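Thanks for asking me to look this one over. Here are my notes, point by point, with the cut-offs written in as we go.

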Amino acid sequence: MINEFVSLVNNILWGDGQVLIIMLLACGIWFTVKLGGVQLRHFGHMFSLLKGSNTSTKDGISSFQALCTSLSARVGTGNLAGVAVAISLGGSGAIFWMWMIALLGMATGFAESVLGQLYKVRDENGEFRGGPAYYIKQGLNKTWLAVAFSLCLFFGYGFVFSAVQANTITDALNNAYSFPSEYVGLAIIALAALIVIGGLRGIARFAEFVVPFMGIGYVLVALAITFINISELPAMLLDIVKSAFGLQEAGAGALGAAIKNGIQRGLYSNEAGSGSVPHAAASAVPNPNHPVSQGYIQMLGVFLDTLVLCTSTAFIILLAGGSSSDQMEGIRLTQDAMSSHLGEGGTDFVAAAISLFAFTSVVANYAYGESNLHMFKLDNKIGRAVYTIGYLGMIYWGAQAALPQVWAMADMALGLMTVINIIAIVWMTPTIVSISKDYFKKKDSGERVEYKVGDCEIQGRSEDGVWD
């Protein structure tokens, strides 16, 4: 009965109902219009904010650490396996629609991250915490809806998603090197425990070091492969565009498949609108000292995840000829493509890459769950200890389990989170627009960009006067 219920909900959200795809598309268009195309108009400005973004204080992590933390959660199996699935099911045209949804998702990511920073609170250690549950409770005064979001996030990011990522790591290492899954599971637990025991700061320091190394290394390999095959690049790009609009022989059927799979996999990869990234945004010490600055920083995260890393995987696959078999999909297609470029070392590279990508997600998932302990008055030593034990236990279980049903439950948790978050941020559009205009006005006039309570109209207020 539980499996039937989960299947029914997922079919409505992700399947035939297409509720989430419609909501996320509409939300992206809505905020693109309301914010005056901020992702295009201020494209260069979001990069400029990286300068001086590595300064943290006793209150929170730096903006750069927040960006790396959010990227460590975003960048996972979706960037390698998800892109391959999109190409297998939707053809090369799916990549075009993945790019389009990323551009719209940048506006959504901007909006939710601004709210995360604006409605942040301090925990018992004086560190910043925030996210959808916080801005729903304080901005909309809907405690029951905030609790519902937190429960979905705890179930998904706190436990199930880490089990899924652990299973991906053990699968990759077992297939490549025949490592026993139970030993791999214990190794993941040991490494994760060493990092998360330091709390958000420990996770942020880990992400700050690993994510740039991981992302730059992967992109450099993709660039090298592209350069080696540069003569094939124009034809590949033309094929992407033609397939995206159904101009190939397959016609309308191919068009529908390209749009559906490109949008779905793009949304799943960059997480814009799901409500996960505002947790990282809220924990940052913004530079300049204005909530909107974190909107730009996390908008950059959507760009890097989908338009850079997912595109790298797409080019690797398509320059190898794309899917050569109807049965070839997911990580096997990525491994096959990489092997065609790098020889036998391709399988090893993909195994290493997906293990590192997935492990960073495991660690960042902990941070998102921990941020919501404050909602239940559990942000203390006992609460964190119980949460950490449960989190590590799920990693070990996930490393050995067959997870199709758990994947379905994880999809349901993520879907319900996203529905709640989208309703909340659209509801809070007046606040997002008001505070964004305050930033735009100060930036354009050359005035010092700084936010103080009373500068603009907002819904509700921070419960502990963080911005007073």
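Predicted model: local features only at pLDDT ≥ 70, side-chain atom pairs only at ≥ 80, totals over all residues.

1. Helices (H or I, at least four residues) and strands (E, at least two) are DSSP runs, numbered from the N terminus. Residues are numbered from 1 along each chain as its sequence is written, and side-chain values use heavy atoms, with hydrogens and water left out.

2. Staying with alanine 258, is this residue buried or exposed? Its relative accessibility is 0%, so alanine 258 counts as buried (buried means under 20% relative accessible area, exposed over 50%, partly exposed in between, with a 1.4 Å probe and protein chains only). Setting aside neighbours within four places in sequence, alanine 258 touches Gly90, Gly93, Ala94, Trp97 and Ser243, where contact means heavy atoms within 4.5 Å. From its C-alpha to that of glutamate 370, 112 residues apart along the chain, the separation is 37 Å.

3. Glutamate 370 brings us to the charged pairs. A salt bridge here is a side-chain nitrogen of Lys or Arg within 4 Å of a carboxyl oxygen of Asp or Glu, and the whole structure holds 5 of them. In one, arginine 129 pairs with glutamate 370, with the closest N and O atoms 3.5 Å apart. Arginine 129 sits in strand β3 (residues 128-129) and glutamate 370 in helix α17 (residues 345-371), so this pair ties together parts that are 241 residues apart in sequence. Arginine 129 is buried at 4% relative accessible area, and glutamate 370 is buried at 4%. A salt-bridge network links Arg129, Glu370 and Arg384.

4. Lysine 443 and aspartate 444 have their closest N and O atoms 3.5 Å apart; lysine 443 is partly exposed at 28% and aspartate 444 exposed at 56%. For glutamate 450 and arginine 448 the corresponding distance is 3.2 Å, with glutamate 450 partly exposed at 23% and arginine 448 exposed at 64%.

5. Next, the rings. Phe, Tyr and Trp (its six-membered ring) pair if their centres lie within 6.5 Å; planes under 30 degrees apart count as stacked, over 60 as edge-to-face and the rest as tilted. That rule gives 19 aromatic pairs. Among them, tyrosine 157 and tyrosine 368 have ring centres 5.4 Å apart and planes at 70°, so they are edge-to-face. Tyrosine 157 is in helix α9 (residues 143-177) and tyrosine 368 in helix α17, so the pair ties together parts 211 residues apart in sequence. Both are buried, tyrosine 157 at 3% and tyrosine 368 at 1%. One aromatic cluster is made up of Phe154, Phe159, Tyr366, Tyr387 and Tyr391.

6. Charges also sit over rings, meaning that NZ of Lys or CZ of Arg is within 6 Å of the ring centre and within 35 degrees of the ring normal. Arginine 41 lies over the face of phenylalanine 440 at 5.2 Å from the ring centre, and lysine 120 over that of phenylalanine 128 at 3.9 Å.

7. Finally, have a look at helix α15 (residues 291-318): its 28 residues reach 40 Å from first C-alpha to last, close to the expected 40 Å (1.5 Å times one less than its number of residues). Of those 28 residues, 26 are buried, so α15 is largely enclosed by the rest of the structure. At threonine 311 α15 bends by about 30°, the angle being between axes fitted to the seven residues ending there and the seven starting there.
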